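Please read it alongside the coordinates.

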Amino acid sequence: MADLEEAREWLARAASVAALTGAGISAESGVPTFRGAGGLWREYRPEDLATPEAFARDPRLVWEWYDWRRQAIRTAQPNAAHLALVQLERRIPRFTLITQNVDGLHDMAGSGGVLKLHGDIWRMRCTACGAEWPDRCAPLPKLPPHCACGGLARPGVVWFGEPLPDGTMQEAGHAAASAEVFLVIGTSAVVHPAAGLIPYARRAGAKVIEINTERTAASQWVDCALRGPAGEILPRLI
Ligand code: BJW
Ligand code: ZN
């Protein structure tokens with residue numbers, strides 16, 4: 001298994017890099033992760049809150065949870081890991097940032113063209129007419145929120161059992177397949193199809209570098225595992 005120095009050399013030589021991020025990259029910004037110690041799924045059941053069936057059953061309950069999370073995320077600032085990826089994007093000729101996060105912190109840090117596999121908590125979608133719009137209001141004045149057409153609005157995120165936004169997985173797959181180095185940062189790598197990008201990149205010839213405080217489902221696929229907080233490790237790597 002390669003060490004930090006070797007991983008730095010791979011990055012220094014690479015012309016094509018892709019990064020897949022998960023909730024762990026925002027942990028040091030104060031945004032709770034889903035799994036593990038202090039994770040949201042310790043306290044809440046995904047099937048009650050993050051499925052289309054849960055929303056159909058009780059839209060107000062689901063919106064209360066999202067309104068609470070939007071309030072928690074609203075004041076969060078990008079950390080050193082988000083900023084390090086902006087630096088990397090400036091340096092590498094072909095760089096693709098793929099995120100499972102819905103918090104918008106990569107955008108706020110200054111990353112461009114982020115592929116958001118699981119949508120965006122700051123967007124709304126009408127369940128009646130399909131209209132989409134940005135909304136950064138937190139707390140929302142009225143729950144559940146509605147569209148101008150009178151239809152019920154839902155968060156612009158991807159719930160279990162739903163397809164990913166049109167074209168994002170194809171673009172992410174292309175980036176993974178053409179990357180010389182594939183960074184996997186702060187994800188437990190258990191949610192598919194996102195997690196499938198990791199072995200896919202490896203099979204296509206990428207050097208895979210994992211940055212995580214713990215061992216994960218992806219650790220078996222990686223060429224280098226750097227253990228520690230992303231906000232400390234990424235700036236050293238980049
Ligand atoms: C640090 C750190 C620090 C902490 N520094 N590290 C079997 C095989 C394949 C697929 C399936 C399957 N069984 C079921 C499925 C489907 C399902 C799935 O994958 N389920 C698995 C759980 C088994 N997938 C889906 O349903 C997806 N859709 C789909 O497959 O569609 C098919 C379809 C096609 C056509 C028509 C219809 C359908 C959709 C998945 C949507 C996931 N949605 C969520 C919620 C988003 C909205 C919201 O935020 O509310 O996405 S769930 C949640 O998990 C969220 C995350 O993006 C996602 C991944 O979590 P992530 O980012 O990895 O976070 P954590 O918390 O798990 O891990 C944090 C990590 O950070 C840990 O490792 C820590 O150690 C680390 N860490 N601090 C570095 N400072
Ligand atoms: Zn509408």
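1. Basis. This is a predicted model, in which local features need pLDDT of at least 70 and side-chain atom pairs count only at pLDDT 80 or more, while totals for chains, interfaces and linings use all residues. Residues are numbered from 1 along each chain as its sequence is written, chains are lettered from A and ligands numbered from 1 in the order in which they are written, and side-chain values use heavy atoms, with hydrogens and water left out.

2. Six strands form an open sheet in the order 3-2-1-7-8-9, with parallel pairing. Helices (H or I, at least four residues) and strands (E, at least two) are DSSP runs, numbered from the N terminus; two strands pair if DSSP finds at least two bridges between them. The edges are strand 3 (115-116) and strand 9 (224-227); each has a single partner strand, so one side of each is left without a neighbour in the sheet. Helix 6 (residues 80-91) packs on this sheet and touches strand 1 (16-21), strand 2 (94-99) and strand 7 (181-185). The direction of helix 6 makes about 150° with that of strand 2. Contact here means heavy atoms within 4.5 Å; axes are lines fitted to C-alpha atoms, for helices over the stretch in contact, and angles run from 0 to 180 degrees between N-to-C directions.

3. Strand 1 and strand 2 run parallel and are joined by six bridges, with Thr 99 in strand 2 as the bridge partner of Thr 21. Strand 2 and strand 3 also run parallel, joined by two bridges; there Thr 99 stands opposite Lys 116 in strand 3.

4. Five bridges link strand 4 (residues 119-126) to strand 6 in the antiparallel sense, and Asp 120 stands opposite Gly 156 in strand 6.

5. Zinc site. Which protein atoms are the donors of the zinc ion (ligand 2)? They are the SG atoms of Cys 126, Cys 129, Cys 147 and Cys 149, lying 2.3 to 2.4 Å from the ion. Donors are N, O and S atoms within 2.8 Å of the metal (3.2 Å for Na, K and Ca); water is not among the atoms, so sites may look incomplete. The angles among the four donor atoms are 105 to 118°, and the site is tetrahedral (four donors count as such if all angles lie between 85 and 135 degrees). Along the chain the donors follow the spacing C-x2-C-x17-C-x1-C. Cys 126 lies in strand 4 and Cys 149 in the loop between strand 5 and strand 6, so the pair ties together parts that are 23 residues apart in sequence. Cys 126 is buried at 3% relative accessibility, whereas Cys 149 is partly exposed at 46%. Buried means under 20% relative accessible area, exposed over 50%, partly exposed in between (1.4 Å probe, protein chains only).

6. Salt bridges. The structure holds 10 salt bridges, each a side-chain nitrogen of Lys or Arg within 4 Å of a carboxyl oxygen of Asp or Glu. In one of them, the closest N and O atoms of Arg 70 and Asp 135 are 2.9 Å apart. Arg 70 lies in helix 5 and Asp 135 in the loop between strand 5 and strand 6, so this pair ties together parts that are 65 residues apart in sequence. Both Arg 70 and Asp 135 are buried. Arg 154 and Glu 162 meet at 2.7 Å, N to O, and both are buried.

7. Buried residues. Ile 73, in helix 5 (residues 59-74), has a relative accessible area of 4%. Leaving aside neighbours within four places in sequence, Ile 73 is in contact with Val 31, Asp 103, Ile 121 and Trp 122. His 106, in helix 7 (residues 105-109), is buried at 3%; not counting residues up to four places away in sequence, the residues that His 106 touches include Thr 21, His 82 and Thr 99.

How values were computed. Four donors count as tetrahedral if all angles lie between 85 and 135 degrees; four count as square planar and six as octahedral if opposite donors are over 155 degrees apart and all others between 65 and 115; anything else is irregular.
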